[in-house]
Amino acid sequence: MKALFSLAVHSAWNRRFVLSLVMLSIALSTFLLLGIERIRSDVRENFSQSVSGTDLIVGARTGSVQLLLYSVFRIGSATNNIRWSSVQAVGQHKAVAWTVPISLGDSHRGFAVVGTSRGYFEHFRYGDQQPLVVEKGKPFEAVFDAVLGAEVAERLGYVIGDHVVLSHGDGKMSANDHADKPFTVVGILQRTGTPVDRSVHIGLDGMEAIHLDWVAGAPLPGMAVPADQVSRYDLTPKKVTALLVGLKSRAAVFSVQRSISEFEGEPLMAILPGVALDELWDVVGIGERGLLAMSLLVSLVSLAGLVAVITAGLDQRRRELAILRALGAGPRQILWLLALEGTLVTLCGLLIGAGICAMAIAALGDVSGSRLGVALHLQAPSLSEWALLSGVLASGVVASLVPGWRAYRLSLIDGLSPRI
Amino acid sequence: MSSSTEEASLLSINGMRFRWPKASTDCLVIDSFDLRRGETTFLRGPSGCGKSTLLSLVAGVLTPDQGTVRLLGHDWRQLSSARRDRLRADHVGYIFQQFNLLPYLSVLDNVLLACRFSARRAGQAGDVRQTAQGLLERVGLKAPEWRRHASDLSVGQQQRVAAARALIGRPDLVIADEPTSALDEALRESFMDLLLQVCADAGSALLFVSHDARLASRFQRQLDLTSINQVVAAAEVTP
């Protein structure tokens, strides 16, 4: 076997140009396969890390996935808000330990603005029950205080004391800027790797204040309220987008969920974040499987290329097979020689592909974290990645048996006199 | 068969008949043919008379339809194909007409290849590298050439490397299938000198097949394949 191995290596090296092309195609398909798998698992990881310790999320009636997406991930927007009276009613439920209201809709240079209460910094948890940490400064107190997520501060270069102007909606129209009421940065949060990093947090009173002189999404002409006058007004919010709810005991989660959905003041719904996340994966899973199937097909195509190249080369190697036969190599050894060659090419392709994938993640992982919100981590291959790699290797071995079998047949037919 | 002839007999063919699959007539019919240990035999025959087929039968790559071909008392037909391959690796050195070497191996590795497939020949060679180097020097290839790729050598050099490979580990039988037909006259003479000498050194029998009758006188025994192959004899007798 050792002799065969060394022969296979030398023989493959002799045809390194053609074989390296095949190897490259296997490497690229491996890169594709591993890359998709890694993105898939890291996206899931990122999503499931984004909220923890919140038992229920309450919002206006909509799809549970939609509510989860806009309340936690700032993806999409709410179709309806919930009244402040409802927020208060939920907060008074005897099983409820805390509530954190969330008011969305404004933005600052592409980053979402989250109007919330001070309880947010106290109760919100991410990852493995980790609390938010104010790295610099303090949580907001005054009406026009803002606390920035780590990514916002870093990307826009803000420090404590800077002034920021929020925009109504997505900020695409400068006429919608709340330029008359700038906010002061009072705190910057530690990086969490969740959507919190990309949020600007302000108090609900601040959110109310910048919209005092607005009606139906546009400033009222001639009704401008100067920033120093806002304290004369009642800054209690009238509506919020969603409500994060923590319970005294998790055991009560379903009864609270039911009583919220039966709330008589207005139509509400409450979702369990974990359950909604599972629903989301059910939807996303179809696409994921499609991508995976596609990249598996690409792998198959590259293995087909391997079979074609080695088999096509065999006719020029019939003399070589006859020499080996004369030296005492059996047809079975000839078969293994060819199978070994294909296996080696597959193995090298896999290793190169895994290497490219690791390098790409090392080089681009941070960029994708800040641009796409999905941080990719360099780590040892996961179980599913090992499964994919060994699956491709096993297919490569099986595919290599095809030229192996052909060589076996040829060596039997030719014996010592190859018909070239 | 007495025990003394059994000992001396390296190869014996008895009542052998071989026909290629799908062929309508026999290719070879040989009543009796023997080679003794250490004997050098010149087998002459025109092209297409079944010389290569006979050599494949002798080397156990093909087996006869009837009769026996025995090497060292082993009937090729009685052996499994794996045993046949091992017996060939252990006892037979083979030199083709040309293109004997694997182009992607060095000269030295080509010679060593014979020992890779046969533990017996590796054992008989002792220190295989040293023996291979000695043989290469013996056939006139100096140290700088050992590392070269086989494909970089001239045809004459390649045939000499093939001779070294066929003889490493002192196989009992060396089969040479027109090994000089690609060489010019001067090279042919020196190659023949060398081949016969190293065979004698190793004590190996040599079965040399060629259509070039000028070489015949150098051998202990000369035979014409047409005279022992009854297919050809019959074809020649019947007009």
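**Chatting through a two-chain model**

Visitor: Hi! What is the strand order in the open sheet of four strands in chain B?

Guide: Hello! In this predicted model, the order is β2-β1-β4-β5 in chain B, and the pairing is antiparallel.

Visitor: And which are the edge strands?

Guide: Those are β2 (28-36) and β5 (74-75) of chain B, each of which pairs on one side only.

Visitor: What packs on that sheet?

Guide: Helix α2 of chain B, residues 51-58, does. This helix touches β1, β2 and β4 of chain B, and its direction makes about 120° with that of β1(B).

Visitor: Okay, how many bridges pair β1 and β4 of chain B?

Guide: Five bridges, in the antiparallel sense, between residues 9-18 of β1(B) and residues 66-71 of β4(B). If you'd like a pair to look for, L11(B) sits opposite L71(B) in β4(B).

Visitor: Remind me, what holds paired strands together in general?

Guide: Strands of a sheet pair through backbone hydrogen bonds, in either a parallel or an antiparallel way.

Visitor: Which way do β3(B) and β8(B) run, parallel or antiparallel?

Guide: They run parallel, joined by five bridges, with β8(B) covering residues 205-210. T41(B) has L207(B) as its bridge partner in β8(B). β3(B) also pairs in the parallel sense with β9(B), residues 221-224, over four bridges. There, F42(B) stands opposite Q222(B).

Visitor: Let's switch to helices. How many residues does α8 of chain B have?

Guide: It has 13, residues 155-167, and reaches 19 Å from its first C-alpha to its last. That is close to the 18 Å expected at 1.5 Å a residue.

Visitor: And how many of the residues of α8(B) are buried?

Guide: Ten of the 13 are, so α8(B) is largely enclosed by the rest of the structure. Among the buried ones are V161(B), A162(B) and L167(B).

Visitor: What do those buried residues pack against?

Guide: Quite a list, all in chain B: β6 (92-95), α4, α6 (128-138), β7 (173-177) and α9 (185-202). After α8(B) comes G169(B), with a positive phi near 75°.

Visitor: Over to chain A. At what angle do α3 and α9 pack there?

Guide: About 110°, with their axes 9 Å apart; α3(A) covers residues 64-72 and α9(A) covers residues 273-314. This angle falls in the 65 to 115 degree range, so α3(A) is roughly perpendicular to α9(A).

Visitor: Which residues make the contact?

Guide: From α3(A), they are S64(A), V65(A), L68(A) and V72(A). From α9(A), they are P273(A), A276(A), L277(A), E279(A), L280(A) and V283(A). Together they divide into eight nonpolar, one polar and one charged.

Visitor: Which strands does β3 of chain A pair with?

Guide: One is β16(A), residues 242-247, with six bridges in the antiparallel sense, and W98(A) has G246(A) as its bridge partner there. Another is β5(A), residues 111-116, also antiparallel, joined by two bridges.

Visitor: Last one: how many residues of chain B are in contact with chain A?

Guide: 24 residues of chain B are in contact with 17 residues of chain A. On chain B's side, α2, α3 (81-91) and α4 (107-116) each supply at least two residues. The largest share, six residues, comes from α3(B). By type, that side has 15 nonpolar, five polar and four charged residues.

Key
Residues are numbered from 1 along each chain as its sequence is written. Chains are lettered from A and ligands numbered from 1 in the order in which they are written. This is a predicted model: local features need pLDDT of at least 70, side-chain atom pairs count only at pLDDT 80 or more; totals for chains, interfaces and linings use all residues. Two strands pair if DSSP finds at least two bridges between them. Two residues are in contact if their C-beta atoms, placed from the backbone, lie within 7 Å. Axes are lines fitted to C-alpha atoms, for helices over the stretch in contact, and angles run from 0 to 180 degrees between N-to-C directions. Angles under 35 degrees count as roughly parallel, over 145 as roughly antiparallel, 65 to 115 as roughly perpendicular and the rest as oblique. Ala, Val, Leu, Ile, Met, Phe, Trp, Tyr, Cys and Pro count as nonpolar, Asp, Glu, Lys and Arg as charged, and the others, Gly among them, as polar. The expected span of a helix is 1.5 Å times one less than its number of residues. A residue is buried if 20 or more other C-beta atoms lie within 10 Å of its own, exposed if 12 or fewer, and partly exposed in between; C-beta atoms are placed from the backbone.
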